[in-house]
Amino acid sequence: MISEIGVISKIAELCHSLNILRPLIVTDQGIIDNGIMAPVINAFNNAQMQYWCFDKVVADPPESVVLEAVEYAKQSKIDGVIGFGGGSSLDTAKLVALLANSDESIADIYGVDNIKTKRLPLILIPTTAGTGSEVTPISIVTTGATTKTGVVSAELLPDIALLDASLTVSLPPHTTAATGMDAMVHAIEAFTSAIKKNPLSDMLAKSALDLLSQNILEATFNGENLEARQAMLLGSCLAGQAFANAPVGAVHAMAYPLGGQFHVAHGLSNALVLPHVMTFNKSHCADLYAELAAHIMPGKEVDNSSLQTAEQLIQFLHELIAKLQLPQSLAEIGIQKKHINSLANDALQQTRLLINNPKTVSLEDAKQIYLNALTGKHNG
């Protein structure tokens, strides 16, 4: 893991350190159009190094795009993969590195630990501070009209995760805020994960929240501040490592249908349901929320009881989302009461995530959480 402003200029020598001579860059058209990839191209040109580029990744990448990228990689005879962009590009790059070096079909590897072969050398470079995908053994693929499926395996972890804030300065405030909230959710859910919570994931989650909570407003509204941007990238990365060890729960389970059915950006989906899932969970993990309060709202006076401190934390996060000028209700983004049943049914299918939640979520619980998120009213 390399965290350094300007380190992108060394990408060619990092490729050489992994014996990558024919790299494929996996990215999206927006990265190209906005000139964000220029430093990578310059570095390869300066090193007189040939490279290939697949730029057709889209948000919530469908299986067809992944397979198209794999076919392009095989035809180009590349010997290493660079994921460059947001979580969708990084998730796609992981699967390309694997499937371009294998006869396995994508259908064979869905689920946990179903990968049988070794991937090509892999470098992941996030251009948003949000998903933490550069350090997680997970890739999410859109497999149906509204459904997503995960591939989970340590084989998807990269050789190098490269964090360079100079690549994130062009992110608009709304995207900076939404991806930053995504990272905070990763850390909060890792810290309350029911099954695999452990001292390492706890330490990573707290360190992530220290960085993220103290820099998210500055990075959002003063995007040229490279130190704040670098802190957000590192915080996002640590949060990614936290939930790679202690998986996320109901916030993500309820966010996924918002992305699948309504194409709401993942970070915003998380922010819209976060306070409402935390309010639901607090009866089972108020002490853990209270412990996180010192890392999310340092210097704030809090009540002594765990429950009251947890409620203050939830209120603080509700207000933070408002300060970040993100939508605060599902209604604001066009979702109506008639959609609740479908959303809740889809959320209950996310059993891989729901088993990690500190409190069991029933279908009726899911409906009520969505109803609360519909108005955005926070009941403490």
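## Salt bridges and nonpolar cores

Lys282 has a relative accessibility of 12% and therefore counts as buried. In this predicted model, Lys282 forms a salt bridge with Glu311, their closest N and O atoms lying 3.0 Å apart. Glu311 is partly exposed, at 28% relative accessible area.

| Salt bridge | N to O distance |
|---|---|
| Glu311 and Lys282 | 3.0 Å |
| Glu364 and Lys367 | 3.4 Å |
| Lys118 and Glu155 | 3.7 Å |

Glu364 and Lys367 are three residues apart in helix α15 (residues 363-375), so about one helical turn separates them. Glu364 is exposed, with a relative accessible area of 53%, whereas Lys367 is buried at 19%.

Lys118 and Glu155 form a salt bridge that joins two loops, one between β5 (111-112) and β6 (122-126), the other between β8 (148-152) and β9 (160-163). Lys118 is exposed, at 60% relative accessible area, while Glu155 is buried, at 18%.

The largest nonpolar core comprises 81 residues, and Met181, Met184, Ile296, Leu317, Leu326 and Tyr370 touch the most other members. Helix α11 (residues 266-296) contributes the most to this core, with 15 residues. Leaving aside residues up to four places away in sequence, Tyr370 touches residues including Met254, Val273, Leu330 and Ile340. A second, separate core has 30 residues, among them Trp52, Ala73, Leu120 and Val141.

Conventions:
Residues are numbered from 1 along each chain as its sequence is written. This is a predicted model: local features need pLDDT of at least 70, side-chain atom pairs count only at pLDDT 80 or more; totals for chains, interfaces and linings use all residues. Side-chain values use heavy atoms; hydrogens and water are left out. A nonpolar core is a set of buried Ala, Val, Leu, Ile, Met, Phe, Trp, Tyr and Cys residues joined through side-chain atoms within 4.5 Å. Buried means under 20% relative accessible area, exposed over 50%, partly exposed in between (1.4 Å probe, protein chains only). Helices (H or I, at least four residues) and strands (E, at least two) are DSSP runs, numbered from the N terminus. Contact means heavy atoms within 4.5 Å. A salt bridge is a side-chain nitrogen of Lys or Arg within 4 Å of a carboxyl oxygen of Asp or Glu.
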